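Please look through the sequence and the model shown here, and keep both at hand while reading this report.

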Amino acid sequence: MSAAPADKAAGLSVFFPAYNDSGTIASMVIRAVQAASELTPDYEVIVVNDGSVDATPEIVDELARTYPRVRVVHHANNRGYGGALQTGFRSAAKELIFYTDGDAQYDPAELAVLWAKMTPGTDLVNGYKISRADPLHRIFIGRLYHHIVRALFGLTIRDVDCDFRLMRRAIFERIDLEKTSGVICLEMMKKIEDAGFRIVEVPVHHYHRAFGKSQFFNFRRIAKTGVDVLRLWFALVIRREHQRPGVRPLAGPADAVDPVYPGSRRT
């Protein structure tokens with residue numbers, strides 16, 4: 001894979017939000033280390049363990065002991081997908097930030113495809129799924145959600161929920177993320193588009209889930225998401241709260257040490 005034209009000297013933070021991903025997180029981290037090391041000598045890989053109750057905490061701590069560029073942030077309790085993303089963005093210390101999920105439905109090696117499109121005139125390279133590798137009911141709900149939110153929020157991006165993104169850290173000097181649920185992706189992309197950041201989109205592969213199950217696709221969560229979307233629509237489209245002066249930017253890296261998992265960081 002071609003890894004040009006992004007600056008070889010650019011620093012890169014890779015992070016994974018992980019919740020009960022013990023069957024996949026090790027392979028994801030190892031592939032991320034390999035992919036990042038081929039792109040730049042200045043990189044780090046972060047795992048945000050979002051209160052997992054399986055073997056994820058032990059696995060990621062072992063990865064951090066094995067790979068010097070890997071570090072872990074542990075949430076003592078589950079904060080939700082949005083909470084894990086917020087911690088990841090705050091913890092990232094490099095100029096460029098890439099994130100994807102820890103469930104192995106995307107391949108970290110395809111980071112090189114995004115890296116090649118991160119030119120000086122680009123702020124965000126967003127993946128979009130070539131073909132969604134999910135059961136039919138998830139594909140149907142996903143497409144319905146996509147069309148509804150694009151219409152409601154006036155988005156131009158073609159895949160708002162493809163969590164395979166490379167972006168400049170400077171974005172978070174201008175936008176603030178507040179949601180702790182899965183609608184954080186919608187919040188983030190709406191605020192990024194409205195702020196005028198330059199977005200490039202590239203196709204990426206999406207794979208069947210080999211381990212675990214989605215935390216989203218049940219009636220209670222879908223209903224809650226619907227309420228969250230409507231509240232977000234009122235705040236960002238009707239009231240346009242994010243475009244008012246004095247919006248607080250996302251805070252910098254968190255530095256608290258987790259006493260339960262020595263050597264890791266806790267927020």
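## Basis of the model

This is a predicted model, in which local features need pLDDT of at least 70, side-chain atom pairs count only at pLDDT 80 or more, and totals for chains, interfaces and linings use all residues. Residues are numbered from 1 along each chain as its sequence is written, and side-chain values use heavy atoms, with hydrogens and water left out.

Strands (E, at least two residues) and helices (H or I, at least four) are DSSP runs, numbered from the N terminus. In strand β2, residues 43–50, eight of the eight residues are buried, where buried means under 20% relative accessible area with a 1.4 Å probe and protein chains only. Tyr 43, Val 45, Val 47 and Asn 49 lie on one side, with Glu 44, Ile 46, Val 48 and Asp 50 on the other.

Two strands pair if DSSP finds at least two bridges between them. Strand β1 (residues 12–18) pairs with β2 in the parallel sense over seven bridges, and Val 14 stands opposite Val 45 in β2. Strand β3 (residues 70–75) also runs parallel to β2, joined by six bridges, and His 74 in β3 is the bridge partner of Asn 49.

Strand β4 (residues 96–100) runs antiparallel to β6 and is joined to it by five bridges, with Arg 165 in β6 as the bridge partner of Tyr 99. Strand β5 (residues 124–129) pairs with β6 in the antiparallel sense over three bridges, and Leu 124 stands opposite Met 167 in β6.

Key: Buried means under 20% relative accessible area, exposed over 50%, partly exposed in between (1.4 Å probe, protein chains only).
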